[in-house]
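My notes follow, in the order in which I took them.

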Amino acid sequence: MMNRNCRATLRFLKRSHHQHNPSLLPSATTPSSQFTSVTGFDENFTQLQPNIVEHQDLSFFNPLRNFLKNKQLGIGIQHRCYGSMGGVVQRSPRFSELNDDDVRYFEEILGNKNVIQDEDKLSAANIDWMHKYKGASKLILQPCNTDQVSQILKYCNSRCLAVVPQGGNTGLVGGSVPVFDEVIVSLSSMNNIISFDKVSGILVCEAGCILENIMSYLDNEGFIMPLDLGAKGSCQIGGNVSTNAGGLRLVRYGSLHGSVLGVEAVLANGTVLDMLKTLRKDNTGYGLKHLFIGSEGSLGIVTKVSILTPPKLSSVNVAFLACKDYSCCQKLLQEAKRKLGEILSAFEFLDSQSMNLVTNHLEGARNPFPTSLHNFYVLIETTGSDESSDKQKLEAFLLGSMENELVSDGVLAQDISQASTFWRLREGISEALMKAGAVYKYDLSIPVENLYNVVEEMRSRLGDAANVIGYGHLGDSNLHLNVSVPQYDDKILSQIEPFVYEWTSKHRGSISAEHGVGLMKANEIFYSQSRETVQMMTSIKNLMDPNHILNPYKVLPHSITS
Amino acid sequence: MKIMVTIKRVIDYAVKIRVKPDKTGVVTQNVKMSMNPFCEIALEEALRIKESGLASEVIAVSMGPSQSIDTLRTGLAMGADRGIHVEANDSLYPLSVAKILKKLVEIEKPGLLILGKQMIAGLLNWPQGTFASKVVLDKEKQVVTVDREVDDGIETLSLNLPAVITTDLRLNQPRYATLPNIMKAKSKPIKKYTPEELNVEIKSDLEIVEVTEPPKRKSGVIVSSVDELIDKLKNEANVI
């Protein structure tokens, strides 16, 4: 059965890459032997040869869909899996299989309690938050300190056992779960806050600390985290750093590349790189910590993080506004950056379809403008040190925007609970999407002028077959394009991909603004990075992880990492 | 008929309260302040009665330091017609508030007094319906029917006007302050009084001795057998 997505990717690669770079083209074998397994081992491990694909039409057999389509887990959760990547991935023969000696060795170094083979825990750790990707790992390891992580990796490297570092398992691109039988290394037990300097605001903590817990701790001290995202109750700081998480406050506090001052990471061969500085400025040599921020666990496992936290400011105001069209939203953003300037801390937008989705599917969510229909909604948050002057500034800006007809209506939150209600409308969209059925999720960075065009084009492409919604961090030019359908359908998928990637590439955008590449977009990386850049990434990967044991099949195209 | 509503500026109810180290009170420095949620509900009810045509005017009253004017402006932005601010920089105890309110009622003569949580009816000798979860006004008969949330269920009272009503959470869901209304609120009048002008003496019969946090809840313990449970109940909890 043809998987049009993969064929289109191949055609794209053929077009832009010449024949003397065979390493960048996915290897192919004859159609009959090409098959996949995401659920376990296959009897035949076909040796992949670096063939140059010339003319052959490859058939990608996808047992994933047939096998898992309507499978029910014991607890009654519908398994919703679709494999746009399922058709391409094969378990690499370079990795060994786990055996009893390995388990015994781990028990020796970690203790029995931290070597987990329990069915329930495994099934939870093998599946991602969106219930899209399911692995078949047989072992979870829970180290308690960096030394144990180092011993684990040293051993796995020597045995060629593939490893998946796992934090809160809230990623949206399949990067946090095994693809086959990789050993899961969970950082959840390493959840200590090591130190906090009240003067500088520099926090040092272990990678397994849950973001919301860190936020509560800092709240007591009068500080806040420079990032905030919907997954905060489950996600861990190690994962946030490894994926360079963006979130709702990036427009004010910048990306983690700026706020993370130091990182302690363990390389594939067990070497511990202690770059855990607590210095605001340190220009001594190459900035290696940046390699670990955003590489999604493929270059090393982050074990400790030192991060600069901003002081908590007392005056927070949230306004929820209605705009009649997208160009008003855009102009409003420009005005906000100018008029609110230093106090602007969040600028989010959602379209009317998103609002309808949230109010229909989420308990207690109501539209602040019940009587009229608006096309777009904008949420603006300001954070400053002086309540009355901030409120004055915000009111003046909002009233001015109303007079200039940038805003058709708006409400200003009068207390914290009203502010949370407004935030819920924006943060609850992901949850509402999950309740509405199946969702194809895309996270794109597009220049602000064209940002909404892709939503409209997608809507006209899909027509009545799907509910296309657009929302996101307008302040960062980051669109979350979601296609909500009653169930996964390859016909719809083929209308979406590769169109959405090609469109983004044409407008010089990024196919993954903040969610990362993971498994979902590993082969699509060429839409946003040049051949030479990916070649350099490959060289670095080969240098730091020559056996490719760290989070295989992800981030870089599969031909490279197999 | 006029409706008078009292609004109080308090620590935002979503804020985690901390006791001051010297135990004289709670920390209010740099803490977000907002309108008391019960006062919001009271104001919302007054506005709904006015919008249904049964009242001519809604007056919002607040007592406290000058920052209370911010809260009054919020009330005006929600839809109150005018505001009254009684300036008092010391803390006001409930009886003082009631006395001041009585004087204001004598000046303004409202037909209905809707409050969040405040005692006043005794001083005015008016009927009152507290913990109201539903209010129905009959202007012709000058009677208001109030459903009250009591421990055993709902009690329905019929009160002759003028009357006092205090609110319960289930009464309504307050509206948001919309931008057009915030704009209009800037031109609505706020009249200022001091307690002296009203001939009320603020003296408190109460003295706060100490403010402490409630004892922290200890975490639970998982016992491994019934015997252990019995042992703990007997020897540690002393309940059997």
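Which side chain meets that of Lys32(B) in a salt bridge? I looked it up: the partner is Glu387(A), with 3.8 Å from N to O. For the record, a salt bridge here is a side-chain nitrogen of Lys or Arg within 4 Å of a carboxyl oxygen of Asp or Glu.

A note on ground rules before I go on. This is a predicted model, in which local features need pLDDT of at least 70 and side-chain atom pairs count only at pLDDT 80 or more, while totals for chains, interfaces and linings use all residues. Residues are numbered from 1 along each chain as its sequence is written, chains are lettered from A and ligands numbered from 1 in the order in which they are written, and side-chain values use heavy atoms, with hydrogens and water left out.

**Entry: the interface**

I found two salt bridges between chain B and chain A. I then looked up polar contacts and found eight residue pairs across the interface, both residues at pLDDT 80 or more. A polar contact is a pair of N or O atoms within 3.5 Å; within protein, one must be able to donate a hydrogen and the other to accept it, and residues adjacent in sequence count only if both atoms are side-chain atoms.

On the chain B side, I see ten nonpolar, five polar and seven charged residues touching chain A.

In total, chain A brings 26 residues to the contact and chain B brings 22, where contact means heavy atoms within 4.5 Å. I noted about 2100 Å² of buried area, with 57% from carbon and sulfur atoms. Lys32(B) turns up again here: with Tyr176(B) and Leu179(B), this residue supplies 38% of the area that chain B buries against chain A, more than any other three residues. Buried area is the accessible area (1.4 Å probe) that two parts lose on being put together, summed over both.

**Entry: strands across the chains**

I saw that β13 of chain A (residues 409-412) pairs with β11(B) in the antiparallel sense, over two bridges. Leu412(A) stands opposite Ala177(B) there. Strands are DSSP runs (E, at least two residues), numbered from the N terminus, and two of them pair if DSSP finds at least two bridges between them.

**Entry: a sheet in chain A**

I traced an open, antiparallel sheet of five strands in the order β5-β6-β9-β7-β8. β5 (193-197) and β8 (272-275) are at the edges with a single partner strand each, so one side of each has no neighbour in the sheet. Inside chain A, β7 (260-266) and β9 (301-308) run antiparallel, joined by six bridges, and I found Gly262(A) partnered with Ser306(A).

Methods
Ala, Val, Leu, Ile, Met, Phe, Trp, Tyr, Cys and Pro count as nonpolar, Asp, Glu, Lys and Arg as charged, and the others, Gly among them, as polar. Helices (H or I, at least four residues) and strands (E, at least two) are DSSP runs, numbered from the N terminus.
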